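Here is a short report on a predicted model. It covers packing, rings, a pocket and backbone angles.

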Amino acid sequence: MSIEYRWGREEDYKRIIELANHAFAENDHTQDFEKNTSETSFFPFILPKLYQNIETAPMHYLAVKDGEFVGNVGLFEQPMMVNGELLHVGGIGTVCVRPGHRREGFMKKLMNDVIEKARADQKDYLILGGQRQRYENWGFGCAGMNSVFTFDYGNFRRLFSEDADFGYSFQKLGKEDRE
């Protein structure tokens, strides 16, 4: 048995997406690799800016067991301006371990290494959204609220007639609409 911890490469992109989709949407995982890594699969669909972009692959720190991607933690640059000062912030995301490999210590090693990398890179702070009890071991706690509101065509159709005109228009955003 061999275990390797390493940063992703662009050629790992689809395997990173497949791991995340399997770990977070196990019931929707079809065993069809191409379908599970398409732009309409779970992760690329919910956050196209990160997960429809092959260039984000090197931002993922991986646990690879006998050639299989079993764990992942993403560390994403999120610079912020606060009171005229540029802060170097790291966003932690895509924190996952493949079902069947949980409780083997992968997450502890991945998180510790990523936090150490953030320190070495002199990040001012890290942000992570997730279950408090899962991440407080690493010093993460509730720092604020993040409200997310989703209004899509289905909501519109149910609330208003097809020809309703309120002076607003809705447009589907695609991967080219990253800004």
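## Ground rules

A residue is buried under 20% relative accessible area, exposed over 50%, and partly exposed in between (1.4 Å probe, protein chains only). The model is predicted: local features need pLDDT of at least 70, side-chain atom pairs count only at pLDDT 80 or more, and totals for chains, interfaces and linings use all residues. Residues are numbered from 1 along each chain as its sequence is written, and side-chain values use heavy atoms, with hydrogens and water left out.

## Two loop residues with positive phi

Most residues other than glycine have a negative phi. R103 is not a glycine, yet its phi is positive, at about 65°. R103 sits in the loop between strand 6 and helix 5. Helices (H or I, at least four residues) and strands (E, at least two) are DSSP runs, numbered from the N terminus. With a relative accessible area of 87%, R103 is exposed.

Q122 also has a positive phi, near 60°. Its loop runs between helix 5 and strand 7. Q122 is exposed, at 65% relative accessible area.

## The largest nonpolar core

A nonpolar core is a set of buried Ala, Val, Leu, Ile, Met, Phe, Trp, Tyr and Cys residues joined through side-chain atoms within 4.5 Å. The largest one has 17 residues. Which of them touch the most other members? They are V73, I92, V95, M107 and M111. Two or more residues each come from strand 2 (60–65), strand 3 (68–77), strand 6 (89–97) and helix 5 (106–120). Helix 5 gives the most, with seven residues. Apart from this core lies another, of 15 residues, including A20, A23, Y51 and L62.

M111 belongs to helix 5. Is M111 buried or exposed? It is buried, with a relative accessible area of 0%. Contact means heavy atoms within 4.5 Å. Not counting residues up to four places away in sequence, M111 touches V73, I92, V95, L128, Y135, W138 and F140. M111 and L75 are 36 residues apart in sequence, and their C-alpha atoms are 9.9 Å apart. Leaving aside neighbours within four places in sequence, V73 has contacts that include M59, Y61, L110 and V114.

## Rings and charges

Rings of Phe, Tyr and Trp (its six-membered ring) pair if their centres lie within 6.5 Å; planes under 30 degrees apart count as stacked, over 60 as edge-to-face and the rest as tilted. The structure holds five aromatic pairs. F42 and F43 have ring centres 5.6 Å apart and planes at 80°, so this pair is edge-to-face. F42 is partly exposed, at 36% relative accessible area. F43 counts as buried, at 7%. Ring pairs join F24, F42, F43 and Y51 into a cluster.

A charge sits over a ring if NZ of Lys or CZ of Arg is within 6 Å of the ring centre and within 35 degrees of the ring normal. The charged end of K109 sits over the ring of Y5, 5.4 Å from its centre.

## The largest pocket

On a 1 Å grid over the protein atoms alone, a pocket is an open set of points where a 1.4 Å probe fits, with protein on both sides within 12 Å along at least five of seven lines; lining residues have an atom within 4 Å of a point. Grid points are joined across faces, edges and corners, and a volume is the space filled by probe spheres set on the points. The largest pocket holds about 1800 Å³.

Its lining has 49 residues, and V95, L128, G129, G130 and Y135 are the closest to its centre. Strand 6 gives the largest share of the lining, seven residues.
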